[in-house]
Amino acid sequence: ISGNRVSLNYVRYGADVTIEPGELSDFYLIQIPIAGRAEVTNGRHSVLSTPKVATILNPDRETRMRWHSGCEKLLLQVDRSYLHEVAAEMSGLPVGPVRFRPGLDLEEPAAAGWVRRLRGLFAAADDGIVFAEPGSSHQQRLEEALLLSLLESQPSTISPLLAQTETGASPAILKRAVTMIND
């Protein structure tokens, strides 16, 4: 189901499958397992994805996956440039590439809450309540709110920027931290 700058998908493989898309380049892909398991490598990080651990694929990192028979996932595809726009607006500063920690621990309260909201969005889209009017201001606000809550709940390279706005840390310290993270 396509929105303005995000899309909702469901994928299931009946057999073991190896997927090697390389760098996704234009989009982030969040994979929420419903059943089964998959080994997912994004850059230097490998994650065993199960119904307790989701994954976020960073678009500028090499990706390899091995989905096992019976693996089912809900997928959220997010336009890379849009996520960067939302991150810059949220932090109040220009941001470089946003890189998430690839493993999303669904037993952590913040991540679990975000995934509950995402699953609710899937259910509402199936019922024709949302994603029915792509291009509408309502759809735009919905997508932005989803990304804002993702940026708040999952550690990423802009987490120090977001913490800075809460703690009042000096911009010089913040710039050095972001530079170190991006290197």
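Predicted model: local features only at pLDDT ≥ 70, side-chain atom pairs only at ≥ 80, totals over all residues.
This is a quick walk through the fold of one protein chain.

Let's start with the inventory. The protein chain has five helices and nine strands. Now take them in sequence order. The pattern reads β-β-β-β-β-β-β-β-α-β-α-α-α-α. So much for the order along the chain.

Next, the sheet. Four strands form an open sheet, ordered β2-β7-β4-β5. The pairing is antiparallel. As a reminder, strands of a sheet pair through backbone hydrogen bonds, and the pairing can be parallel or antiparallel.

Which strands stand at the edges? They are β2, residues 17–22, and β5, residues 45–49. Each has a single partner strand, so one side of each has no neighbour in the sheet. From one strand to the next, the twist averages 10 degrees.

Let's zoom in on one pair. Strand β4 covers residues 38–42, and strand β7 covers residues 63–67. How many bridges join them? Five, and the two strands run antiparallel. Here is one of the residue pairs to find on screen. Valine 40 has methionine 65 in β7 as its bridge partner.

Then burial and surface. The chain has 183 residues, and 44% of them are buried. Buried here means under 20% relative accessible area. The exposed surface comes to about 9100 Å². Carbon and sulfur atoms supply 53% of that area.

To recap: five helices, nine strands, and an open antiparallel sheet of four strands. Back to the structure on screen.

Terms used:
Residues numbered from 1 in each chain as written. Heavy atoms only, no water. Buried < 20%, exposed > 50% of the residue type's maximum accessible area, 1.4 Å probe, protein only. Areas by Shrake-Rupley, 256 points an atom, 1.4 Å probe, with all protein chains shown as cover. Pairing = 2+ DSSP bridges. Axes fitted to C-alpha atoms, helices over the stretch in contact; angles between N-to-C directions.
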